[in-house]
Amino acid sequence: MSSPLVSVIECNELDHFLTHCPKNVLIIDLCNPRVYAQCHIPGAINVHPHELIAGTHPATGKLPPVKMLEALFSRLGYTGGEHIIVYDDEGGGWAGRFIWTLDVIGHKQYSYLNGGLHAWLKKGSPVEQQPAPQPESVPVSLSIDHSVIATREMIEANLNNPEVIIWDARSPEEYRGEKLFARRGGHIPGAINYEWTRAMSPERSYRIKDGVKTELEALGITRDKTVITYCQSHHRSGFTYLVGKTLGYDIIAYDGSWSEWGNLPETPVE
């Protein structure tokens with residue numbers, strides 16, 4: 001079973017957090033470092049996406065070794081008692097990947113800033129250009145919750161399980177095998193394609209789209225099933241994982257994604 005729902009907050013709620021409990025709040029910025037240098041939410045600490053992935057070919061998006069995660073959270077001054085607020089500048093892909101990482105290490109107190117930096121700037125909320133002061137590094141010892149991680153073996157064992165739904169977050173062209181980023185094209189047998197960008201509203205500063213639950217249910221991606229989401233490297237599916245969590249789905253993520261599945265000679269492909 002996946003962990004509890006993601007708390008989605010709006011910009012005015014983040015203002016309240018910063019005013020009333022700043023010592024207990026850790027704001028994580030997953031924006032491009034160049035964007036962070038231009039403007040970021042006051043006090044936010046930038047985390048580069050490469051700190052969240054193993055980077056080993058071909059499945060570059062797999063969870064990094066625990067020592068690498070411990071180094072990251074040590075740099076963040078992580079004690080486990082923080083309420084972590086996460087945002088990015090792309091609609092939620094890397095923010096969702098970070099939230100999945102929090103679930104992996106068992107951290108439960110977190111929120112996603114709906115719309116991220118786009119929504120914050122649209123509201124006219126204050127920003128900073130100077131990097132936030134780095135917290136003092138602390139010793140961190142993490143354990144991994146494997147229940148939110150789907151593996152190739154797990155997926156193969158459940159391909160014919162009617163209680164398991166596979167959500168492909170890639171483009172329709174990748175899903176159909178017309179665009180290849182691996183040795184083989186196509187999709188995991190039985191997977192349902194709902195591209196990650198369909199779940200966000202550009203006209204509403206890239207907030208999670210109203211009505212996304214109805215669209216998912218029409219495709220057969222429903223709350224009464226276990227949902228496994230994937231993309232090419234578990235970046236785009238970071239957002240679909242996040243969306244599923246906001247809807248109360250029992251959702252987990254396949255971090256190997258198509259970069260693993262599509263590069264193996266023996267995995268079944270449609």
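Me: In which helix is Glu260 found?
Reply: This is a predicted model, in which local features need pLDDT of at least 70, side-chain atom pairs count only at pLDDT 80 or more, and totals for chains, interfaces and linings use all residues. Residues are numbered from 1 along each chain as its sequence is written, and side-chain values use heavy atoms, with hydrogens and water left out. Helices are DSSP runs of H or I with at least four residues, strands are runs of E with at least two, and both are numbered from the N terminus. Glu260 belongs to residues 257-261, which form helix H10.

Me: Is Glu260 buried or exposed?
Reply: Buried means under 20% relative accessible area, exposed over 50%, and partly exposed in between, with a 1.4 Å probe and protein chains only. The relative accessible area of Glu260 is 14%, so this residue is buried.

Me: Which residues is Glu260 in contact with, leaving aside its neighbours within four places in sequence?
Reply: Contact means heavy atoms within 4.5 Å. By that rule, the residues in contact with Glu260 are Ala59, Lys62, Arg152 and Tyr254.

Me: How is the aromatic pair of Trp167 and Tyr194 classed: stacked, tilted or edge-to-face?
Reply: Rings of Phe, Tyr and Trp (its six-membered ring) pair if their centres lie within 6.5 Å; planes under 30 degrees apart count as stacked, over 60 as edge-to-face and the rest as tilted. For Trp167 and Tyr194, the distance is 6.0 Å centre to centre and the planes have 70° between them, which makes the pair edge-to-face.

Me: How many residues apart in sequence are the parts that this pair ties together?
Reply: Trp167 lies in strand S7 (residues 164-168). Tyr194 lies in the loop between strand S8 (192-193) and strand S9 (200-201), so the parts tied together are apart in sequence by 27 residues.
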